[in-house]
Amino acid sequence: MATRTFRIAVIPGDGIGQEVVPEGLRVLDRLAARSGGGIAFTYESFPWGCEYYLKTGRMMDPDGLERLSAFDAIYFGAVGWPGVPDHISLWGLRLAICQGFDQYVCQRPVQLLPGITSPLRNATPETIDWVVVRENSEGEYAGLGGRNLAGRGPDREVAVQSALFTAQGCERIIRYAFDLARTRKRRKVTSVTKSNAQQYGMTLWDETFQRVKAEYPDVEIDQWLVDAMAARFVLRPETLEVVVGSNLFGDILSDLGSALAGSLGIAASANIDPERRHPSMFEPVHGSAPDIAGQGIANPIAAIWTISLMLAHLGLKDEAQAVMDAIKATTASGVVTPDLGGTARTFDVTDAVLAHLDD
Ligand code: GGG
């Protein structure tokens with residue numbers, strides 16, 4: 001049997017990124033070992049992040065994208081650390097890769113796993129189960145603007161930050177959401193904007209949504225304003241299936257969704273180039289968590305669930321499902337870290353996942 005080898009670029013980044021990424025790699029190694037030579041993963045690790053910045057003045061090397069382009073996928077941990085301004089670290093690494101590779105989809109599943117308690121009174125794994133599709137290439141993260149006119153005097157500086165919405169950018173993310181809905185148990189897409197107040201960019205989004213939906217008569221739709229949607233996440237989560245929104249709204253809503261599913265420590269995400277012109281990048285939603293970094297208690301579930309998303313993207317559907325099943329068996333058995341009310345350490349949780357992979 002010929003071995004299918006997948007080349008993975010590994011960027012642990014900062015803080016707990018360095019603790020959870022090795023746990024995800026343990027899962028990949030176990031899958032390779034149990035495949036009997038069917039699949040293999042090779043890794044190259046990149047030291048980029050805030051420590052690298054403090055040494056070199058750069059979050060990643062100038063030829064970083066070129067080097068990453070040789071890989072089948074990128075596995076990323078977290079970015080951000082005290083001592084480096086957050087906008088420097090975010091733009092220098094995560095956004096440089098997502099935007100540089102036009103990974104215009106950020107897909108973030110929200111699912112209540114067995115054994116985990118949601119802060120919502122009546123939540124069940126059936127009522128908390130949807131996907132946030134975050135536009136990942138433009139919108140509020142276009143980086144357009146500036147700070148100037150400081151010469152006007154102390155406390156009178158002016159800053160401008162503009163959101164960019166293009167018809168093409170809106171169409172491709174909305175179309176992705178509709179296509180995704182066709183793969184889900186309920187074919188439904190909910191679009192989120194704030195077009196009553198954001199009367200230019202977000203009306204373009206709304207109009208594009210209306211145009212694209214005509215091509216998907218089999219998919220149910222609704223369109224909500226983001227403030228009302230935040231309340232709906234809490235009050236009527238069972239009505240959600242695929243939620244598509246701008247870069248900023250998608251980011252905020254997916255954090256809310258993760259909290260409702262029990263913890264940011266379980267939330268996975270995939271930054272995808274659907275056209276596969278470039279490698280896609282897979283990362284837990286959580287950041288570097290300086291408050292718990294180095295203690296060995298970071299929850300590895302988000303990083304391991306992220307591995308499942310990566311496997312699915314690489315065409316390894318059975319392996320992706322096996323990882324999800326092992327995660328669910330682990331949470332159901334109560335082997336969880338302190339963010340979920342448990343006493344397990346990072347390593348213990350991965351050990352349990354690996355044991356369930358062998359069930
Ligand atoms: N693993 C995700 C991560 O490190 N995120 C850092 C962050 O601050 N992200 C903000 C954003 O992507 O909007």
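This is a predicted model: local features need pLDDT of at least 70, side-chain atom pairs count only at pLDDT 80 or more; totals for chains, interfaces and linings use all residues.
Start with the overall division. The chain splits into domain 1 (1-104 + 264-359) and domain 2 (118-261). Taken over C-alpha atoms, the centres of the two domains are 24 Å apart. Where they touch, domain 1 contributes 16 residues and domain 2 contributes 13 residues.

Now look at the interface itself. Together the domains bury about 1200 Å² between them. Of that area, 54% is on carbon and sulfur atoms. On the side of domain 1, Gln99, Tyr104 and Leu264 lose the most area to domain 2. Together these residues make up 45% of what that side buries.

Polar links cross the interface too. Five residue pairs are in polar contact there. Two elements of domain 1, α4 (86-100) and β11 (268-272), each supply at least two residues to the side that touches domain 2. Helix α4 gives the most, with six residues. By class, this side of domain 1 has 11 nonpolar, three polar and two charged residues. One salt bridge is found across the interface. Elsewhere in the account of charges, the side chains of Asp102 and Arg172 meet in a salt bridge, at 2.8 Å from N to O.

Finally, turn to Ser191. Ser191 sits in strand β8 (residues 188-193). Is Ser191 buried or exposed? Ser191 counts as buried because its relative accessible area is 1%, and the cut-off for buried is under 20%. Beyond its close sequence neighbours, within four places, Ser191 contacts Trp205, Phe209, Asp222, Gln223, Trp224 and Val244.

Notes
Residues are numbered from 1 along each chain as its sequence is written. Side-chain values use heavy atoms; hydrogens and water are left out. Helices (H or I, at least four residues) and strands (E, at least two) are DSSP runs, numbered from the N terminus. Buried means under 20% relative accessible area, exposed over 50%, partly exposed in between (1.4 Å probe, protein chains only). Contact means heavy atoms within 4.5 Å. Domain bounds come from an automatic or database domain assignment. Buried area is the accessible area (1.4 Å probe) that two parts lose on being put together, summed over both. A salt bridge is a side-chain nitrogen of Lys or Arg within 4 Å of a carboxyl oxygen of Asp or Glu. A polar contact is a pair of N or O atoms within 3.5 Å; within protein, one must be able to donate a hydrogen and the other to accept it, and residues adjacent in sequence count only if both atoms are side-chain atoms. Ala, Val, Leu, Ile, Met, Phe, Trp, Tyr, Cys and Pro count as nonpolar, Asp, Glu, Lys and Arg as charged, and the others, Gly among them, as polar.
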